[in-house]
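Please inspect the model before reading the answers.

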Amino acid sequence: MLMVSEIAEAMEGERKDLMDDKIPTRKMAEVELVDTLIRIFDYAGGFGYDLQGAFEEKMLFNATRKDHSHEARKQDGGKKF
């Protein structure tokens, strides 16, 4: 849930177009997304997960999915994001 709270804070910063209060040269959304990554990496490290390996395998798999193609994303009901 700590990861979720960081994402919620990023969305709030994006919605209000805020700068970060601790690193004022950065957008709040950007810093909160980094906080999310830190929490994800900490969690994964605690359980011994291989995120690099899983990421590479997932990217290869996604490259084969028709619903992830640029053409499919442009269609009505396509995954735009």
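Questions and answers on helix packing, salt bridges and surface follow.

Q: What kind of model is this, and which pLDDT do local features need?
A: This is a predicted model in which side-chain atom pairs count only at pLDDT 80 or more, totals for chains, interfaces and linings use all residues, and local features need pLDDT of at least 70. Residues are numbered from 1 along each chain as its sequence is written, and side-chain values use heavy atoms, with hydrogens and water left out.

Q: How are helices α1 and α2 oriented to each other, roughly parallel or roughly antiparallel?
A: Two packed helices are described by the angle and the distance between their axes. Helices are DSSP runs of H or I with at least four residues, numbered from the N terminus; axes are lines fitted to C-alpha atoms over the stretch in contact, with angles from 0 to 180 degrees between N-to-C directions. The axes of α1 (residues 2-16) and α2 come within 7 Å and cross at roughly 170°. Angles over 145 degrees count as roughly antiparallel, under 35 as roughly parallel, 65 to 115 as roughly perpendicular and the rest as oblique, so α1 and α2 are roughly antiparallel.

Q: Which residues of α2 make the contact with α1?
A: Contact means heavy atoms within 4.5 Å. On the α1 side the contact is made by Leu2, Met3, Glu6, Ile7, Glu9, Ala10, Gly13 and Glu14. On the α2 side the residues are Met28, Ala29, Glu32, Leu33, Asp35, Thr36, Arg39, Ile40 and Tyr43.

Q: Is glutamate 6 buried or exposed?
A: Glutamate 6 is found in helix α1 and touches Glu32, Asp35, Thr36 and Arg39, leaving aside residues up to four places away in sequence. Buried means under 20% relative accessible area, exposed over 50% and partly exposed in between, with a 1.4 Å probe and protein chains only. Because its relative accessibility is 8%, glutamate 6 counts as buried.

Q: Which residues does arginine 39 touch, not counting residues up to four places away in sequence?
A: Arginine 39 is found in helix α2 and is partly exposed, with a relative accessible area of 33%. Its C-alpha is 17 Å from that of phenylalanine 55, a residue 16 places apart in sequence. With neighbours up to four places away in sequence not counted, arginine 39 touches Leu2, Met3 and Glu6.

Q: How far apart in space are methionine 11 and alanine 29, C-alpha to C-alpha?
A: Methionine 11 has its place in helix α1 and counts as exposed at 52% relative accessibility. Methionine 11 and alanine 29 are 18 residues apart in sequence, yet their C-alpha atoms are separated in space by 6.4 Å.

Q: With which residue does glutamate 30 meet in a salt bridge?
A: The structure holds 6 salt bridges. Glutamate 30 is partly exposed at 36% relative accessibility. Its side chain takes part in a salt bridge of 3.1 Å, N to O, and the partner is arginine 26.

Q: What is phi of aspartate 17 near?
A: Most residues other than glycine have a negative phi. Aspartate 17 lies in the loop between α1 and α2. Its phi is positive although the residue is not glycine, with a value near 55°.

Q: What accessible area do the residues of the nonpolar patch have together?
A: Patches are made of residues with over 30% relative accessible area and no salt bridge, like charges being joined within 9 Å and nonpolar side chains (Val, Leu, Ile, Met, Phe, Trp, Tyr) within 5 Å. The patch is formed by Leu37, Phe41, Tyr43, Phe47, Tyr49 and Leu51, and its largest share, 4 residues, comes from helix α2 (residues 28-47). Accessible areas come from the Shrake-Rupley method with a 1.4 Å probe, only the protein chains shown counting as cover for residues. Together the patch residues have about 640 Å².

Notes. A salt bridge is a side-chain nitrogen of Lys or Arg within 4 Å of a carboxyl oxygen of Asp or Glu. Helices (H or I, at least four residues) and strands (E, at least two) are DSSP runs, numbered from the N terminus.
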